[in-house]
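Please report on the fold of this protein chain.

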Amino acid sequence: MASPRVSTGGFKPFLAPLEPPVRSFSSGILRRGFRTSSMATGRRRLSHRRLAVGACLSRRYFIADSAAAASLLPFLRSSPSSEQLSEWERVYLPVDPGIVLLDIDFVTDDLKHGFLLGTRQTILETKDGGNTWVSRSIPSAEEEDINYRFNAISFKGKEGWIVGKPAILLHSSDAGENWERIPLSSQLPGDMVYIKATGENSAEMVTDEGAIYLTSNKGFNWRAAVQETVSATLNRTVSSGISGASYYTGTFNTVNRSRDGCYVAVSSRGNFYMTWEHGQPYWQPHNRVAGRRIQNMGWRADGGLWLLVRGGGLYLSKGTGLTEEFEEVPTPSRGFGILDVGYRSQDEVWASGGSGVLLKSTDNGKTWIRNKAADKIAANLYSVKFINEEQGFVLGNDGVMLKYLG
């Protein structure tokens, strides 16, 4: 197959109540050494009465305490920890130890049919909404003796795309039943880290060097959306005032796309971030908002930005759209790093991080509580992804995956 043309365009996580003591009275022996039957009889009657009174009191205490305990049951049943523990469950996968799960997506036309990607050429498939998974073999990705790292997957209708490292691009037009390998130009700058299916035979692809390419003919031709790599942009604008940008030769650590096609990316060293909107010829650099280095960035449901810094810090942008004004939000991360944020709805947000950290917010990220679903799981939870309000997944290392139950 001939190599496709690449238009570079300048580049490229009771005790039962104690019963009151009941005294037992028996017939007494008088100190003077004789027994009076009438007194004995009277005492026996007194003993029976006291026994009856004691038993009655015992029953009253028991009934009262039982009623009090019963009144507490609704509160016990609705305790936060009980609810939190029921929101996620772990799904055990047929993968080797050490596999890092990287991305997941479902066929738009069949939300029970999905694919899960990871390191060491891991591709898993489900047809029951993510309850069970089987390993999937793609012959076109096994022809060479290369252990691919599959970074991203995206579906639009029945059309699907997969990108990986070293450079590999897979395409399906039948909901993932068959995958074909699309050849790539050797001039492609950087490794492919993100892809988004945008329509029939169309997709957007991003590399770790900042190249953004668009295709409308199933990947046989790609058009460059920016005119130069990030390195070139930063080294050309040394006087831009961006800390750490001079003589920049690194790559992107994370790339996230908004619903309307804007991008935000974090440098591999975490000392600045960059943004891009359709129509801009270059990426726009921005200084980090705190002394600590940036871990990850992404888009809120309302169109604003969230920003994570190393050590568990979380910031939210003021307003919506692209801005450099952020304010810090306190989180119960216990000092562990937060690695990703995912929106289930406009207000419900989940965040995951190191050592099984799993946080929840119900007010668009303004306040957070710790969820204990993953406390006993020895794994770093790298990403949170909601397909819709009913389908959500948390992906981690060592093949750890959590499935949202609601």
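Helices (H or I, at least four residues) and strands (E, at least two) are DSSP runs, numbered from the N terminus. Thr215 lies in strand β13. The model is predicted: local features need pLDDT of at least 70, side-chain atom pairs count only at pLDDT 80 or more, and totals for chains, interfaces and linings use all residues. Residues are numbered from 1 along each chain as its sequence is written, and side-chain values use heavy atoms, with hydrogens and water left out.

**Overall**

The protein chain holds three helices and 29 strands. Of its 406 residues, 47% are buried. Buried means under 20% relative accessible area, exposed over 50%, and partly exposed in between (1.4 Å probe, protein chains only). The accessible surface is about 20,100 Å², and carbon and sulfur atoms account for 49% of that. Areas come from the Shrake-Rupley method with a 1.4 Å probe; for residues, only the protein chains shown count as cover.

**Thr215**

Thr215 counts as buried because its relative accessibility is 6%. Its side chain makes two listed approaches.

| Thr215 side chain to | Distance |
|---|---|
| Asn217 side chain | 3.0 Å |
| Asn221 backbone oxygen | 2.8 Å |

A polar contact is a pair of N or O atoms within 3.5 Å; within protein, one must be able to donate a hydrogen and the other to accept it, and residues adjacent in sequence count only if both atoms are side-chain atoms. Beyond four places in sequence, Thr215 is in contact (heavy atoms within 4.5 Å) with residues including Trp161, Asn201, Phe220 and Trp222.

**The largest nonpolar core**

A nonpolar core is a set of buried Ala, Val, Leu, Ile, Met, Phe, Trp, Tyr and Cys residues joined through side-chain atoms within 4.5 Å. The largest one has 16 residues, and Ile212, Phe252, Tyr263, Met274, Trp276 and Trp283 touch the most other members. β13, α3, β15, β16 and β17 each supply at least two residues. β17 gives the most, with three.

**Strand β28**

All five residues of β28 (392–396) are buried. Gly392, Val394 and Gly396 are on one side, Phe393 and Leu395 on the other. Two strands pair if DSSP finds at least two bridges between them. β27 (381–386) and β28 pair antiparallel over five bridges, with Ser383 bridged to Leu395. These two form a hairpin with five residues between them. β29 (401–404) runs antiparallel to β28 and is joined by three bridges; here Val394 stands opposite Leu402. That hairpin has four residues between its strands, and Asp398 in the turn has a positive phi of about 55°.
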